[in-house]
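Dear colleague,

Please find below the structure I promised to pass on. My notes on its helices and its core follow.

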Amino acid sequence: MTYESAADDDGFAEYAVAAWPRLVRTAQLLTGDFHEAEDLVQTTLAKVYGRWRRVPRGEIDLYVRRSLINNNLSRIRRKRVVHLLTPVLPESLRHTSAGHAEAVEQRTSILEALADLTARQRAVMVLRYWEDLTELEIASVLNCSIGTVKTHARRGLAALRAHPRLAAAAPVLPPPLPAPSGARR
C-alpha cells in the first residue's frame, strides 16, 4: 500500500486546516454537542479527501457544506444513542461573572431550542443565520427548491419563537417577516 506525500494532496491539507474551526462551529450547531461536531467534521473531511481531485475548485465550500449536512442527516437516521447531558452546570460550578453566566445560559437555550427542530429545519436555520447563506445557496447545499428552504425557515423560526426557553430571550431571534402586500391569510 502506498501513501501520498503531503505535497500530492492538491491543497487539501491547507483547506482542511483553514476550514476546521468554521466547520466545527457549524457542526456543533447541527449536532448540539462539541464532540459529536468534531467527529462529524472529521468524517466529512475524510470522505471529501477521497474525492478531492474530482471536486471543482470553485465549488469546494459548497461541496463540503453539502457533505457535512448529508453526513449529519445520515448520523441522525442511524438513530445513535442519545447523549443525556446536563444543560446547566450546578450552582457551585457556575462562574461568578454574571455576564459569562448569562451568555452560557443563552447559548444553552439556543442549542436546546435548535435540538427540538427537525434535522432539515435545523440545517436551514444554521446555514441561513449562522453561515449567512442566501436561500438559493441553501437550496443548492440541501439539493431542494427555494420554496422548500423558505418553508423550513418559516416553520423553524416559528418553532424557535414558540420555544419556552427562548421566550425570555426574544431579541436573539430575527423579527418575523412582514406579510407581503396582497398575500392571502
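In these notes a residue counts as buried when its relative accessible area is under 20%, and as exposed when that area is over 50%. Please bear in mind that this is a predicted model.

By that criterion, the buried residues of helix H7 are Val149, His152, Ala153, Gly156, Leu157 and Leu160. They line one face of the helix, because they fall within an arc of 125 degrees when H7 is seen down its axis. Arg154 and Ala162 are exposed, on the face of H7 turned away from the buried side. The helix itself runs over residues 146-162, and its 17 residues reach 24 Å from the first C-alpha to the last, close to the 24 Å expected at 1.5 Å a residue.

I turn next to the core. The largest nonpolar core has 40 residues, of which Ile69 and Met125 touch the most other members. At least two residues of this core come from each of H1, H2, H3, H4, H5, H6 and H7. H1 supplies the largest share, nine residues.

With kind regards

Notes:
Residues numbered from 1 in each chain as written. Predicted model: local features only at pLDDT ≥ 70, side-chain atom pairs only at ≥ 80, totals over all residues. Heavy atoms only, no water. Helix = DSSP H or I, 4+ residues; strand = E, 2+ residues; numbered from the N terminus. Expected span 1.5 Å × (residues − 1). Buried < 20%, exposed > 50% of the residue type's maximum accessible area, 1.4 Å probe, protein only. Arc of directions from axis to C-beta. Core = buried A, V, L, I, M, F, W, Y, C linked by side-chain atoms within 4.5 Å.
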